[in-house]
Amino acid sequence: MGISTVRHLPRSGLAFSFAFLSALLWLCCVGIMIPLRAQTPPASTPPPNSVPPPPNSSAAPESSPAPQSPPAPASSPTTTSQDTKAAGEPVAEMSTHESTAPFKVPVNLVLVRVVVRDGTGHAVADLKKDDFQLFDSRKPQIVTHFSVERPPAPVQPAPLSKSTADVDETGKPAAAALPSRFVALLFDDIHLSMGDLVQARLAAMRYLTSTVQPSDRVALFTVSGQDQVDFTDDRDALRKKLAVLIPREVTAGDATGTTGCPTMNFYEASLIVDHNDQTAMAVATADALTCAYNNDTRMSPAAASLATTTAYSMVSAGNVLIDYSFRRLQEIIRRISVLPGQRSIVLVSPGFLFYGREVELGELIDKATRANVLINTLDARGLYTPDDGQDVSRDYTGSPAAAGPKSMLYLNSQNMQADILEELADGTGAVFFHNNNDLDAGFRQAAGAPEVSYLLGFSPISLKLDGRFHELKVTLVTKQKYTIQARRGYYAPKHSTDPAEVAKEQIEEAVFSQEEIHDLPAELHTQFYKQDKSDAQLAVLTRVNVNRLQFRKEDGRNKNNLTVVAALFDRNGNFITGNEKTIELRLRDTTLARLEQTGMTVKSNFDVKPGAYMVRMVVRDSEASLIAAENGMVEIPY
């Protein structure tokens, strides 16, 4: 970073200056001809990129003085220093690009969450990577990613500095609790009966009273979208909304099919419309002939037409219910995936059929898995006995001759409607609670994470980007009698991924996690300034220890890019705003040597109101693709 200074001398001194310069030039020429004497070489200086030993290294002598605080850098990291290229273009040593952070793991990396349980239902915790075998469409795959995951303990936030106007030199951390676990209770109020819903909501109230911890945030959602509470620690607000939950209708007609002529549920209608099942058609025609035409066989064609019309109407109504259910799940996955910490959904439902919607179900599971969201399911029917679908309070209007086959259709329907609950839980490595009337235990199990789970990842060999379904199977090398719970397949992507998009997804995943990552040497600090009683400015300071960064030497410069994200959440973990800065480092050796001594600080400012906030800092470098992440709490008094 050369700076040339031109000094203008007065005219009266020009002659003297010329003579002085001539004499100085003669002395230099004579000096060149004089043999140089041997000199003691100076102490070697480490190259600018070398990493000095840490100040508290155990190799340091005991008598060494305590390390002093480094002096403040002469210029802000965002200040641009310039040099000159051969072509005359200025080259910035350090430039910053700032943007509001818009907040996905590579698509061709398939993640499979696996829970292995013993005969008592407890998760097996001592398995290794070599214990698993993974098959993609019956072809063995190489597991390239393996991790053992356990529910995290509540994270203690790093103490944050306070306002210079309200300085607390004791360094005490803020009093606000850091939310570490988010549970979304999703009641399927468009499929639940009133009796099942009452029992489930009472169990949910007891769960709120006995199990929820201060660091938990719970939300109440419904498939219909009514009577909801977003994530909160206000238990009273949750209980009030739970108390008024009732079954809701989202279609114009009777979606259950129990009041029409002929009576017909979604399963029977789907067999007729989607599968051309002649047995189901014969049952529906016989019922229509009885209820509409008093068993007059001359009206059989009209009865068949009525049965077909009813079937199409029931399929349409059933698809509306499926649309509501899938759309709501998608919305909640999207909502909860932007929250920091452990995230899970508890779907309270009797289950429902999803004929022809298998692709959408797979996409739901894939989104939840990539966002580390568990979809636990609780069959609100408890330990139930399948019935023939007839309401004893009403007269039977169907054909007595078709009563037997129709009962079988209803029994099959009730047995199959829980498949959706099992698929969602298995696919995300969560809990499927069923065939049990102890709904209190169901909420305790379903609202918690498994004691341990395993995340397997593999890159499919010669994967075709055709969007086709691939069947997955996970087995154990050992022959122990364990139950394996894992997703059953995935859909191939239809396009390749961009490395820049992958980096963006990694940063986003780190922002909405609570894991402390220290792969890069970065620290989080904050300051706030009260402007008045209702407004304040919060400064998030990211201090980076430059001497532990990796640089690439190119064109005489030390190059690396740092992406620094500061994200702000409210006390319930809801994302408020974020700031992303990309710092392009093109450092000369002298500048790098200086920054290795002083470090660099990146500052992000937020205009906020008084209250408690959670701050999340994430730093990623471009050369080693390493990440640092820290959490902190700050409380701005009113």
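Helices (H or I, at least four residues) and strands (E, at least two) are DSSP runs, numbered from the N terminus. By this rule the chain has 12 helices and 26 strands. The model is predicted: local features need pLDDT of at least 70, side-chain atom pairs count only at pLDDT 80 or more, and totals for chains, interfaces and linings use all residues. Residues are numbered from 1 along each chain as its sequence is written, and side-chain values use heavy atoms, with hydrogens and water left out.

Of the 638 residues in the chain, 44% are buried (under 20% relative accessible area, 1.4 Å probe, protein chains only).

A nonpolar core is a set of buried Ala, Val, Leu, Ile, Met, Phe, Trp, Tyr and Cys residues joined through side-chain atoms within 4.5 Å.

| Core | Size | Residues include |
|---|---|---|
| Largest core | 51 residues | Leu186, Phe231, Phe326, Ile336, Ile345, Ile420, Leu424 |
| Another core | 31 residues | Ala536, Leu549, Phe551, Val608 |

In the largest core, the residues listed are those with the most contacts inside it. Helix α6 (residues 300-336) gives this core its largest share, 11 residues. Ile345 is in contact (heavy atoms within 4.5 Å) with residues including Leu186, Ile336 and Asn376, leaving aside neighbours within four places in sequence.

Arginine 235 lies in helix α3 (residues 235-243). Arginine 235 is buried without a salt bridge (a side-chain nitrogen of Lys or Arg within 4 Å of a carboxyl oxygen of Asp or Glu). The nearest side chain of opposite charge is aspartate 233, 5.6 Å away (Lys and Arg count as positive, Asp and Glu as negative; His and the chain ends are not counted). Not counting residues up to four places away in sequence, arginine 235 touches Leu208, Val212, Gln213, Pro214 and Asp216.

Definitions and conventions
Buried means under 20% relative accessible area, exposed over 50%, partly exposed in between (1.4 Å probe, protein chains only).
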